[in-house]
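User: Could you walk me through this model? I would like to ask a few things as we go.

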Amino acid sequence: MARTATPRGQRRERILASATSLFEENGFHGAGIDDIAAAAGVTGPAIYRHFKNKDAVLVALFDRLAERLTAILDTVATLDGREALETL
């Protein structure tokens with residue numbers, strides 16, 4: 001059975017997606033909580049229902065990246081040399 005994101009989970013995903021874009025465009029220090037909130041379509045205080053602070057948003061993004069890299073490396077580990085390099 002496929003899981004669907006709850007409205008709260010969808011909001012969290014929008015926050016993370018917005019933070020990713022703003023961090024890429026403006027750097028971590030150039031993107032404020034209110035900027036992230038506006039881009040995600042929520043209020044600044046709503047961010048704090050999901051994250052303790054802006055640092056926690058960044059940590060969540062790094063955690064997500066680490067999970068993706070782990071999945072890629074797990075896949076690559078099962079491949080032969082050339083196929084592994086092409087996949088990477």
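Analyst: Happy to; a few questions and answers follow. This is a predicted model, where local features need pLDDT of at least 70, side-chain atom pairs count only at pLDDT 80 or more, and totals for chains, interfaces and linings use all residues. Residues are numbered from 1 along each chain as its sequence is written, and side-chain values use heavy atoms, with hydrogens and water left out.

User: Is Gly44 buried or exposed?

Analyst: Gly44 sits in helix 3, residues 44-47 (helices are DSSP runs of H or I, at least four residues, numbered from the N terminus). Buried means under 20% relative accessible area, exposed over 50%, and partly exposed in between, with a 1.4 Å probe and protein chains only. The relative accessible area of Gly44 is 10%, so Gly44 is buried.

User: Which residues does Gly44 touch, not counting those up to four places away in sequence?

Analyst: Contact here means heavy atoms within 4.5 Å. Gly44 touches Ile33, Asp34 and Ala37.

User: Which helices are included in what covers the buried residues of helix 1?

Analyst: In helix 1, the buried residues are Ile15, Leu16, Ser18, Ala19, Leu22 and Phe23. Their cover includes helix 2 (33-40), helix 3 and helix 4.

User: What follows helix 1?

Analyst: Helix 1 has 20 residues and reaches 28 Å from its first C-alpha to its last. The residue that follows has a positive phi, near 80°, and is Gly27.

Methods. Helix = DSSP H or I, 4+ residues; strand = E, 2+ residues; numbered from the N terminus. Expected span 1.5 Å × (residues − 1).
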